[in-house]
Amino acid sequence: MIERKIEAIVHICEMAELSEEERELVDAAKQATEGSYAPYSKFNVGAAVLLQNGIIVRGANQENAAYPSGLCAERTALFAAGAQHPDQPVVALAIAARKGRRFLPQPISPCGACRQVISGVEERYGVPIRILLYGTEGVLVSEGISPLLPLRFADKDMQIG
Ligand code: THU
């Protein structure tokens with residue numbers, strides 16, 4: 001048996017340590033929570049996608065009485081960006097969540113399905129996506145999806161062509 005260690009390096013930053021563009025993206029994710037429709041969970045999540053040309057596309061979680069029919073903020077934003085700006089690589093993604101009016105002290109992490117979609121968007125454009133997970137006590141920064149989704153299923157695994 002071979003044991004293999006998988007390392008994941010992320011950074012926890014204060015807002016002041018982020019660039020102005022990143023702070024703006026985090027603010028856009030916080031603002032995006034206003035578009036959340038979450039009457040069931042009452043958990044409001046916002047996401048903001050930064051495109052290579054500087055455009056920011058926002059998304060928020062959208063729920064449905066048939067629970068699995070809803071969609072997370074991250075995928076709402078990423079799919080909107082892909083549909084509206086198909087030629088623009090996604091370079092960064094910020095996520096923020098609140099309960100009531102209070103943003104959470106610790107960042108939330110994208111669910112498994114959203115991680116897979118982030119991975120797919122990285123593959124689509126061949127560019128790693130800088131992920132900024134906002135919490136009032138700090139922002140977790142991941143350089144690409146890899147640290148959050150090691151051993152991921154990707155195009156190469158299908159060995160098509
Ligand atoms: N949710 C997101 O939008 N993003 C996440 O990263 C985690 C969960 C949403 C889905 C659902 O509307 C609510 O939060 C509770 O799970």
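User: Which residues surround the ligand in this predicted model?
Analyst: The model is predicted. Around the ligand sit Ser 41, Phe 43, Val 45, Asn 61, Glu 63 and Cys 72, among others. The list also includes Ala 73, Glu 74, Ile 108, Ser 109, Pro 110 and Cys 111.

User: What is the distance from an oxygen atom of the ligand to an N or O atom in the side chain of Glu 74?
Analyst: A polar side-chain atom of Asn 61 lies 2.9 Å from one. For Ala 73, a backbone N or O atom lies at 2.8 Å. For the side chain of Glu 74, the distance is 2.5 Å.

User: What share of the ligand's exposed area does the protein bury?
Analyst: The space taken by the ligand is the largest pocket. Taken alone, the ligand exposes 370 Å². Of that, the protein buries 75%.

User: Which cysteine has the sulfur nearest to that of Cys 72, and how many disulfides does the whole structure hold?
Analyst: A disulfide needs two cysteine sulfur atoms within 2.5 Å. The nearest cysteine sulfur to Cys 72 is 3.8 Å away, so Cys 72 is in no disulfide. That sulfur belongs to Cys 114. Across the whole structure, the number of disulfides is zero.

User: Is Cys 13 buried or exposed?
Analyst: Its relative accessible area is 15%. Buried means under 20%, so Cys 13 is buried.

How values were computed
Residues are numbered from 1 along each chain as its sequence is written. This is a predicted model: local features need pLDDT of at least 70, side-chain atom pairs count only at pLDDT 80 or more; totals for chains, interfaces and linings use all residues. Side-chain values use heavy atoms; hydrogens and water are left out. A residue is near a molecule or strand if one of its heavy atoms lies within 4 Å of it. A polar contact is a pair of N or O atoms within 3.5 Å; within protein, one must be able to donate a hydrogen and the other to accept it, and residues adjacent in sequence count only if both atoms are side-chain atoms. Accessible areas come from the Shrake-Rupley method with a 1.4 Å probe; for residues, only the protein chains shown count as cover. On a 1 Å grid over the protein atoms alone, a cavity is a set of points where a 1.4 Å probe fits but cannot get out, and a pocket is an open set with protein on both sides within 12 Å along at least five of seven lines; lining residues have an atom within 4 Å of a point. A molecule sits in a cavity or pocket if more than half of its atoms lie within 2 Å of its grid points. Buried means under 20% relative accessible area, exposed over 50%, partly exposed in between (1.4 Å probe, protein chains only).
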